[in-house]
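Good morning, and thank you for making time for this presentation. Please keep the sequence and the model in view while I speak.

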Amino acid sequence: AQKSAEEALAASARAAAIERERARIAREMHDSLAKSIHGIGLQAAALKKWINGDPARAERDATVISEAAQRAASEARGLIRDLRMDTPDASLCDSVAAFAGQWSEETGVAVALDLGEVDCSCPERRWELLSILKEALHNIERHASAEKVRVSLSQQLGEIQLDVADDGRGFDIGDLPGLQRAGHFGLMGMAERAERIGGHLDVRSMPAQGAIVSVKVPLIEGEGA
């Protein structure tokens, strides 16, 4: 009876985590894709007014609409990729390997994998860890000019640890305002994601010496057994 109650509680927790994730995805779709499409619709509605009255403006507006549509398509592809980033039947290691491999193919940056046995069945924790990986790789693509990346995943001493290291240009970690001005807002987002699942993010870097993003998350009851 106790085992059945524990299984029911675990199933309830998983369902709640999935529901929260659905709500998060719905918010992201509303905040990004839905607003973009709404804006395109408004611009398109105004376009016909200028076709006869001001052809030059109509041509400029048509270019703006085309570019906005391309951005919306890119946002849609990103959301779909995020939805496919993790599957419940796959191990966390397999999901990490699949996402890192896809990123490597798209960017041409070599990725070495060092993935140990990790037991992480909570959908919310898996999502946040994979989202941190995604953001770390995105930052490398945008800022690091790296040639090689190493992604490590391990479980030991009551913790799950994810490391993403690159051999790129590096940066001065003490200059947080400067990093934000340069577009490194992802560091703050990764730290917030780690905190949401009870973990801690550590970033080590120096100019011209690459960077290492490391997140440690404590195991929860039922994991690592």
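This is a predicted model: local features need pLDDT of at least 70, side-chain atom pairs count only at pLDDT 80 or more; totals for chains, interfaces and linings use all residues.

Residues are numbered from 1 along each chain as its sequence is written, and side-chain values use heavy atoms, with hydrogens and water left out.

Let me begin with the sheet. Five strands make up an open sheet of mixed pairing, in the order S1-S2-S3-S5-S4. Strands and helices here are DSSP runs, numbered from the N terminus, with at least two residues of type E for a strand and at least four of type H or I for a helix. Two strands are said to pair if DSSP finds at least two bridges between them. In general terms, strands of a sheet pair through backbone hydrogen bonds, either parallel or antiparallel.

Which strands stand at the edges? They are S1, residues 110-115, and S4, residues 200-205; each has a single partner strand, so one side of each is left without a neighbour in the sheet. On average, and with direction ignored, neighbouring strands of this sheet are turned by 10 degrees against each other.

Now the pairings in turn. S1 runs parallel to S2, residues 148-156, and six bridges join the two. As an example, Ala112 has Arg150 in S2 as its bridge partner. S2 and S3 run antiparallel and are joined by eight bridges; here Val149 is partnered by Asp166 in S3. S3 and S5 are likewise antiparallel, with eight bridges, and Asp163 stands opposite Ser214 in S5. S3 is mostly covered, since six of its eight residues are buried, where buried means under 20% relative accessible area, exposed means over 50%, and partly exposed lies in between, with a 1.4 Å probe and protein chains only.

I turn next to the helices on the sheet. Helix H4 lies across S2, S3 (159-166), S4 and S5 (211-218), and runs at about 10 degrees to S3. Axes are lines fitted to C-alpha atoms, for helices over the stretch in contact, and angles run from 0 to 180 degrees between N-to-C directions. Helix H6 lies across S4 and S5, at about 145 degrees to S4.

How do H4 and H6 pack, and at what angle? Their axes are 9 Å apart, at an angle of about 165 degrees; H6 spans residues 186-196. That makes the two helices roughly antiparallel, a term for angles over 145 degrees, while those under 35 count as roughly parallel, 65 to 115 as roughly perpendicular and the rest as oblique. H4 passes H6 in a left-handed crossing; left-handed means that the near helix is turned anticlockwise from the far one by less than a right angle, and right-handed means clockwise. From H4, the contact includes Trp127, Glu128 and Ile132, and from H6 it includes Leu187, Met190 and Arg193, contact being heavy atoms within 4.5 Å. By class, the residues of this contact are six nonpolar, three polar and four charged. Nonpolar covers Ala, Val, Leu, Ile, Met, Phe, Trp, Tyr, Cys and Pro; charged covers Asp, Glu, Lys and Arg; the others, Gly among them, are polar.

H4, residues 123-144, also meets helix H3, residues 92-107: the axes come within 11 Å and cross at roughly 20 degrees. H3 and H4 are therefore roughly parallel, and H3 passes H4 in a right-handed crossing. Among the residues that meet are Phe99 and Trp103 of H3, and Leu130 and Leu133 of H4. This contact has ten nonpolar, three polar and three charged residues.

Trp127 lies in H4 and is buried, with a relative accessible area of 8%. Its C-alpha atom is separated by 10.0 Å from that of Ile197, 70 residues apart along the chain.

Most residues other than glycine have a negative phi. Ser145, in the loop between H4 and S2, has a positive phi near 50 degrees and is exposed, at 53% relative accessible area. Leu157 also has a positive phi, near 50 degrees, within the hairpin of S2 and S3, which has two residues between the strands. Is Leu157 buried or exposed? At 82% relative accessibility, Leu157 counts as exposed.
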